[in-house]
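Colleague: I am new to reading structures. Could you walk me through this one, feature by feature?

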Amino acid sequence: MSRGRTALIFGIGGQDGAWLADLLVRRGYAVHGTSRDREASSFANLRRLGVIDRVRLHSVALGDFRSVAQALKEVRPDEIYNLAGQSSVGLSFEQPVETLDSIVHGTVNILEAIRFLKLDTRFYNASSSECFGNTAQGRPAAEDHPFHPRSPYGVGKAAAYWAVANYRESYGLFACSGILFNHESPLRPARYVTQKIVRGAADIAAGQADRLRLGELSVARDWGWAPEYVDAMRRMLGHDRPEDFVIATGALHTLEEFVRLAFEGFGLDWREHVEIDPALKRPADITHSVGDPGKAKRLLGWQAETTMPGVVAKLVEAERTRRRSGAPLEAPLPVPA
Amino acid sequence: MRDPFRAALRQGFDAVPKVALITGVTGQDGAYLSELLLAKGYTVHGLKRRSSSFNTGRVEHLYRDPHEEGVRFFMHYGDLTDSTNLIRLMQQIRPDEIYNLAAQSHVQVSFETPEYTANADGIGTLRLLEAIRILGMEKTARFYQASTSELYGKVQETPQKETTPFYPRSPYAAAKLYAYWITVNYREAYGMHASNGILFNHESPIRGETFVTRKITRAVASIRAGIQDCLYLGNLDAKRDWGHARDYVEGMWRILQQDTPDDYVLATGETHTVRSFVELAFGHAGYSIEWSGQGVDEVGIDRATGHSLVRIDPAYFRPTEVDLLLGDPTKARTVLGWSHTTPFRDLVREMVDADMAAIAGTAIAGAAVPAEPAE
């Protein structure tokens with residue numbers, strides 16, 4: 001069914017872009033991907049998954065209409081996935097303008113390019129649970145839960161969500177938003193808290209460090225496994241109507257539980273090594289965020305296989321394997337407050 | 001007005017260590033300049049752009065946990081398209097010297113992303129100058145703008161010097177032209193110590209892999225190791241003025257140490273063709289190249305075996321090629337006392353040696369830097 005289809009992935013170099021490229025290549029798609037600078041990017045994630053030679057790469061800056069339109073015109077994709085843009089909530093407090101620009105302006109440029117070229121294509125936009133802010137107590141958020149973003153990143157994602165809905169309603173585009181809750185994998189850069197925790201615990205276990213500084217541990221999230229989430233994206237575009245879907249596990253866990261399990265994975269007691277650094281707390285944070293994936297299960301036949309304890313176990317295992325193989329570590333960059 | 005006490009301290013003593021801010025710290029020049037300034041006792045803050053790809057290989061050896069004592073090298077996420085971000089960082093760092101090395105610096109990519117290139121390279125420079133003004137640092141901070149010989153493009157005279165009219169030939173060069181003039185304008189309008197270094201090509205073992213010099217030296221190493229058959233190139237007869245990046249960052253620093261801000265060409269004053277770079281690079285690896293055929297059918301053949309080592313791929317021709325770029329560094333020599341010290345032949349050899357060492361596994365990729373220790 002998917003043989004002969006062509007997909008274009010904006011932001012193919014990131015975690016989700018690489019997993020999606022891997023999935024679509026295996027399903028027989030011709031996969032094209034973009035990065036801001038094809039010449040300078042190392043595409044480490046695509047190399048890590050062994051798909052770098054099976055995708056075609058283009059230089060596209062999403063804020064640059066010509067580069068977006070040119071890529072669409074050249075590739076003429078059946079499916080477009082927009083996974084590009086500034087993706088760190090923490091960094092969005094430091095770079096609010098660039099964050100909004102890459103998310104909102106970038107999404108609208110793609111929608112406009114589809115309109116301008118009159119392309120018969122299906123468009124997936126990466127929305128986020130950050131749109132909801134805190135989810136209502138005791139009730140996981142479904143698609144109709146009100147938005148109340150709590151960061152420049154969430155504000156941008158909420159605006160992009162409404163742009164997608166607006167173009168769908170105004171111009172009849174097959175355009176949908178996947179409202180994804182947290183989804184992790186070893187392809188996350190070190191600046192994300194899940195990788196920071198797992199690598200920090202591994203460093204301590206190896207005697208290369210003795211402390212790990214973290215921010216607020218009482219926050220609770222709905223954590224899933226990224227490779228499963230990219231399959232939901234594909235299913236959304238295979239559905240007969242363009243609709244928005246919440247993608248989540250439905251289970252809520254605190255960051256402290258995550259930390260405890262990660263340290264246990266390396267035979268450590270987290271309480272002996274973790275230091276709370278108030279400087280790492282965010283100006284405004286979400287205390288609890290959990291999604292209701294019921295609609296995705298009913299209409300797409302999708303549900304999460306891996307919940308938080310399984311996610312941690314897989315991250316710990318991947319980190320062990322990486323260290324055994326001697327793969328190079330990323331430079332330890334300062335994590336934005 | 002300059003503070004005479006502070007100025008005296010600066011000249012006579014090391015009592016007030018200077019603070020430098022380098023945008024584009026993860027690039028070739030950012031890495032060499034960081035090493036130079038750290039060796040001179042500066043505290044160095046580098047800005048890097050967010051990326052899903054690992055791209056800090058060139059400065060990894062300088063980086064330590066900022067919580068440790070005595071750390072003088074810091075990295076921050078920064079973006080030239082976000083004024084608020086630049087102002088906040090500048091407010092925290094309060095630099096004495098700012099080196100704007102950040103840019104979308106690939107000429108070919110600028111034809112594909114012209115609007116982004118103009119935003120980052122052109123208006124990005126304006127945003128930095130404005131950040132200096134908004135924070136009231138016009139009289140205390142010195143600003144270096146990385147201008148480029150690409151400004152001369154379709155050259156109006158040869159060799160090119162500071163008074164040669166510009167004729168940019170790519171969206172990259174057009175954006176850099178705006179950056180050049182806005183730097184001059186802020187110097188004249190607001191009395192800022194803002195200067196342009198018009199740098200001709202400068203290469204090194206950590207040059208980006210898509211730049212022609214590094215592409216050649218990597219290919220030579222790969223071919224010698226038996227993991228590549230042939231090197232594809234565009235215009236073999238393009239002539240460039242190639243120096244070593246290590247020499248050029250010294251020139252940048254000298255420009256900011258002058259009492260009066262001004263614009264300078266930094267160049268070797270010599271010109272070489274891509275063809276001669278290829279011959280020298282292969283020669284250093286023990287090959288002798290013989291050319292045969294013409295135009296797109298020209299082939300570089302290994303004299304010993306008859307194998308084709310170099311071929312032409314018209315895809316590498318630029319939509320608008322620039323002419324002979326040859327700089328006249330007389331002003332830099334007389335005013336700054338600067339001239340390049342690494343001969344062309346040594347540059348090529350150093351690059352080939354580093355790439356051969358990297359392939360042989362004696363150094364890890366990206367860190368194949370014959371880096372001088374920071375201190």
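Colleague: How many helices and strands does chain A have?

Modeller: Helices (H or I, at least four residues) and strands (E, at least two) are DSSP runs, numbered from the N terminus. Chain A has 11 helices and 13 strands. This is a predicted model: local features need pLDDT of at least 70, side-chain atom pairs count only at pLDDT 80 or more, and totals for chains, interfaces and linings use all residues. Residues are numbered from 1 along each chain as its sequence is written, while chains are lettered from A and ligands numbered from 1 in the order in which they are written.

Colleague: What share of the residues in chain A is buried?

Modeller: A residue is buried if 20 or more other C-beta atoms, placed from the backbone, lie within 10 Å of its own. In chain A, 53% of the 337 residues are buried.

Colleague: And how do I read a sheet?

Modeller: Strands of a sheet pair through backbone hydrogen bonds, either parallel or antiparallel. Two strands count as paired if DSSP finds at least two bridges between them. Chain B has an open sheet of seven strands, in the order S3-S2-S1-S4-S5-S6-S11, with parallel pairing. Strand S3 (73-77) and strand S11 (264-266) of chain B stand at the edges with a single partner strand each, so one side of each has no neighbour in the sheet.

Colleague: Which residue in S5(B) is the bridge partner of Tyr99(B)?

Modeller: Tyr144(B) is that partner. Strands S4 (residues 97-100) and S5 (residues 142-148) of chain B pair in the parallel sense over four bridges.

Colleague: How many residues does each chain bring to the contact?

Modeller: Two residues are in contact if their C-beta atoms, placed from the backbone, lie within 7 Å. Chain A gives 35 residues and chain B gives 30. On chain A, helices H2 (44-48), H3 (65-75), H4 (89-94) and H5 (96-117) each supply at least two residues of the side that touches chain B.

Note on methods
Buried ≥ 20, exposed ≤ 12 C-beta atoms within 10 Å, placed from the backbone.
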